[in-house]
Amino acid sequence: LKLQWKSRGFPPGPIPLPIVGGVCIFCHWSNLQLAKIYGNICTLWLGHKPMVVLYGFKAVKDGLTVNSEDVSGRLQTYMFNKFSRGRGILVSNGLIWKHQRRFGIATLRKLGMGNKGMERGIQTEAYHLVKFFKDKDGEAVDPSFPIVHAVSNVICAVVFGHRFSLQDETFRQLIEAYNCVVAFGNSYTYYIYEIFQWSLACFPGPLQKLESRCDFVRSFVRQEIKKHREKGTIDEPEDFIDFYLDQIEKAKNVPDSTYDEENMVQSVFDLFLGGSETTATTLRWALLYMVAYPDIQEKVQKELDVVLGSSHQICYEDRKKLPYTNAVVHEIIRFSSIILITIPREVVKDTTVLGYHLPKGTVVMANIDSTLFDPEYWETPHQFNPGHFLDKDGNFVTREAFLAFSAGHRVCLGEVLAKMELFIIFCSLLQIFKFTLPEGVKEVNMDIIFGSTMKPHPYKLCANLR
Ligand code: HEM
């Protein structure tokens, strides 16, 4: 069978079993077994579509970057289309994707991604999170909601120009709506709908619920756009919507312009979807690891105390003076490996990937997790070891196999924002609190809940003032 596949030009792979193939691709264990048998590039079959899986740092890196533009399409699945109608950034293609992505990156930079501009908003959220834990006065608490709240508010400040209080009912509904969208993406129903489209007619309930939640988010965004329009002309754009409205105006006579209200709404939707759940989940892992590895927590606190003192307001620039803490933040991102496999890519024109000819339309999936745990590139891949990001003199070092944000033309566009948030919020919390397990709890559950992001099981911890 290996020969049969090779003769068709695709990388080798197992017998084409449509559903099993589809399920296999999302399962890390089966990816590992496939890599052992067929090598780091292999083919699975979903219906009539060949899907090529890249496994291990070298294959993922080369596969996504050598002919990067050729593998920059997104697979247009039935549900992706229903959900985004080809608009926005996350699952769009062609000119729409190019315009929206380029504009998105440029605007995030203008709004201060990577510099002081966005720092203020993140510090504000860190302050509110610290206040939340202070008010709990060491009582055992599940940190999930306040963390999601803080991270979502960072995006709100960027796109809408303001934050919401923890008590704001509409904001709660917005977060709930996103939770519902994410939960749907993690459910069996989602896969059943994708594979057997006829099932939509038999069990329309979950889809109707999803659509009503998506409609809620879109009408929320439209309300915000309306408020921005009512503000009238302003000298300097202050947030993503201001910049976008400006762009619609500038491009209104450009023949192939894709800047319109529908793409603006979907781009905002995508920034929330891409930016909230991911960063919040990583922060939840961060606190869990600190409880699980108290010696590492103590070392971070010692570095913060010696270098900055207890009253210093954390800035992103501080990472340069805090090599150990910076290494811990990177190791949190590596070890939590929240995204197993990239959102499916599609080859946009006939191309070559690792020596194999792949025709237009071939699906490509990169196993990100396999790069973050590749034994050839990490000394102790299955250990939480900040030393992975330190040289022998204790200086921070970046690592080429650190592909948590993927690579190539579709690399995460919020990478810098995510790193700023994780660093500032993590340091602000550890500067003030010692995190411990609640009394009587002896074990930390480090098992993952499998889904579109790999989450920890719900847990409680105590934030004790240091
Ligand atoms: C720890 C946090 C984060 C992780 C681990 C992460 C990881 C990823 C990964 C692996 C991809 C897929 C890239 C591919 O297809 O190859 C992605 C895409 C994306 N991310 Fe992130 N991300 C994070 C935070 C953020 C933030 C804060 C934002 C928003 C500002 C964001 C916005 C996006 C968008 C819009 C895309 C789609 C890009 C495209 O299709 O062109 N992400 N991210």
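Five strands make an open sheet of mixed pairing, ordered β1-β2-β7-β4-β3. Strands are DSSP runs of E with at least two residues, and helices are runs of H or I with at least four, both numbered from the N terminus. Two strands pair if DSSP finds at least two bridges between them. β1 (41-46) and β3 are the edge strands, each pairing on one side only. β1 pairs with β2 (residues 49-54) in the antiparallel sense, over six bridges. Cys-42 stands opposite Val-53 in β2.

Helix α4 lies across β1, β2 and β7 (363-366). Its direction is at about 140 degrees to β7. Axes are lines fitted to C-alpha atoms, for helices over the stretch in contact, and angles run from 0 to 180 degrees between N-to-C directions.

## Model and numbering

This is a predicted model; local features need pLDDT of at least 70, side-chain atom pairs count only at pLDDT 80 or more, and totals for chains, interfaces and linings use all residues. Residues are numbered from 1 along each chain as its sequence is written.

## Two domains

The protein chain is divided into domain 1 (1-77 + 340-372) and domain 2 (86-337 + 373-465). These bounds come from an automatic or database domain assignment. The C-alpha centres of domain 1 and domain 2 lie 28 Å apart. Their contact takes 26 residues from domain 1 and 19 residues from domain 2. Residues are in contact if their C-beta atoms, placed from the backbone, lie within 7 Å.

On the domain 1 side, α2 (18-25), α4 (57-65), β3 (73-74) and α17 (368-372) each supply at least two residues. That side has ten nonpolar, eleven polar and five charged residues. Here Ala, Val, Leu, Ile, Met, Phe, Trp, Tyr, Cys and Pro count as nonpolar, Asp, Glu, Lys and Arg as charged, and the others, Gly among them, as polar.

## Ligand shell

Which residues are closest to the ligand? They are Gly-274, Gly-275, Ser-406, Cys-412 and Gly-414, in a shell of 26 residues. The shell divides into 15 nonpolar, eight polar and three charged residues.

Both domain 1 and domain 2 give at least three residues to the shell. Helices α14 (261-292) and α18 each supply at least two. α14 provides the largest share, seven residues.

## Helix packing

α14 packs against α16 (residues 323-336) at about 110 degrees, with the axes 10 Å apart. α14 is therefore roughly perpendicular to α16. Angles of 65 to 115 degrees count as roughly perpendicular, under 35 as roughly parallel, over 145 as roughly antiparallel and the rest as oblique. Thr-282, Trp-285, Ala-286 and Tyr-289 in α14 meet Ile-332, Ile-333 and Ser-336 in α16. The residues of this contact comprise five nonpolar, two polar and no charged.

α18 (residues 415-432) also packs against α15 (residues 294-307). Their axes come within 9 Å and cross at roughly 90 degrees, so α15 and α18 are roughly perpendicular to each other. From α15, Gln-297, Val-300, Gln-301 and Leu-304 meet Cys-427, Leu-430 and Gln-431 of α18. The contact of α15 with α18 has four nonpolar, three polar and no charged residues.

Notes: Contact = placed C-beta atoms within 7 Å. Near = placed C-beta within 6 Å.
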